[in-house]
Amino acid sequence: MDDRVILRVGAKILIPFILLFALYVQFHGDYGPGGGFQAGVIFAAGFVLYALIYGLENVKKVLPPQAVYICSALGVLLYAGVGYVTMALGGNFLDYGVLAHDPEHGQHYGILLVELGVLITVFGVMVAVFYAFAGRRRVDT
Amino acid sequence: MVEFVDIALLVLLGITAFSIIRQKNLFAAVMLAGIYSLLSAGLFVVMDAVDVAFTEAAVGAGISTILMLGTLALVGHSEHQPQHRPILPLFVVILTGAVLVYGTLDIPPFGDASNPAHHHVAPHYLEESEHEIGIPNVVTSVLASYRGYDTMGETTVIFAALVGVLLLLSLGPRPRRVFSNGRWITVAASEKDASEGGAEEAQEDTLQISPEEKTLGDTNG
């Protein structure tokens, strides 16, 4: 990999913007196309690009597999957790209106949290599946 | 103009599909599949489904291409010669395609305001989401709030898919690493490696917990 200077420098420049764009997609999902799913995939793509250019071992130093597995479960738990919190506050499951005094604000908070859960799970799953494929050695028959 | 874009995209889609079928080099087929997804994303944009187009471009053209390339790195990039004759699969494919085309004959025309899909809950979402949810993008309102259960199920399905992949990839003739007790541990791949690695590890262990060192440490302390 040492001789591929253009790829390495190019990736180094691109990756911060990819991650930033993922966050833009996440938080701009209320106003334009996008949301947790797309943002999670783009965020994972940043790390996959890093792995492709700098190697799997280096990206695992940044993002250990353990953290990725925790992420993929954490998102689902966050999503369902929002549902249970709304139940505890007297509403229906995933009825965000009770999260704030103004039901409209409650909806905003609920959607923000739920989309965050989707982001975390999708990001974790995409990176974990990539690790699983890329970490497997070729079986020569 | 829109018709021209439609026709151009569909023609390119058809050309790409036939190229994938004819292609024997699997790397080229995977790249063509990525192009196919990108063209589909373009079609979704023409149909004003930008959120779907976004997902198709990110997942279909992006991540799944990478995963397919990762798979090819494991299994090789040349297609094996098929052992069977293509008559029966061709017949099944043509029959299925004909049934699907027959099914589209009953579908109401695209974008028609009198479609059933536009008369059930869609008018409520479009008219009331501004007051009920207060978010300009109705797609997000429907996805995360009105249809929050569905999206939660979808997220769970993604998680379940990961569990399936990890279970499948940790079976069979072993690479050097397995997933056990919640972490990746290194195991020896063959017996030769096992004897070497095992001996080394045993030596390291004895070095670490050797009584001399302990006593040395005690006396120093």
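Which residues in H1(B) meet which residues in H2(B)?

I began with the ground rules: this is a predicted model, in which local features need pLDDT of at least 70, side-chain atom pairs count only at pLDDT 80 or more, and totals for chains, interfaces and linings use all residues. Residues are numbered from 1 along each chain as its sequence is written, chains are lettered from A, and side-chain values use heavy atoms, with hydrogens and water left out.

**Entry 1, chain B helix pair.** I looked up the contact (heavy atoms within 4.5 Å) and found that B:Val2, B:Val5, B:Asp6, B:Leu9, B:Leu10, B:Leu12, B:Leu13, B:Thr16, B:Ala17, B:Ser19 and B:Ile20 in H1(B) meet B:Ala29, B:Leu32, B:Ala33, B:Ile35, B:Tyr36, B:Leu39, B:Ser40, B:Gly42, B:Leu43 and B:Val46 in H2(B). By class I noted 16 nonpolar, four polar and one charged residue in this contact, where Ala, Val, Leu, Ile, Met, Phe, Trp, Tyr, Cys and Pro count as nonpolar, Asp, Glu, Lys and Arg as charged, and the others, Gly among them, as polar.

H1 (residues 2–22) and H2 (residues 26–46) of chain B pack at about 160°, with axes 9 Å apart; angles run from 0 to 180 degrees between N-to-C directions, and axes are lines fitted to C-alpha atoms, for helices over the stretch in contact. H1(B) and H2(B) are therefore roughly antiparallel, a term for angles over 145 degrees.

Terms used
Helices (H or I, at least four residues) and strands (E, at least two) are DSSP runs, numbered from the N terminus. Angles under 35 degrees count as roughly parallel, over 145 as roughly antiparallel, 65 to 115 as roughly perpendicular and the rest as oblique.
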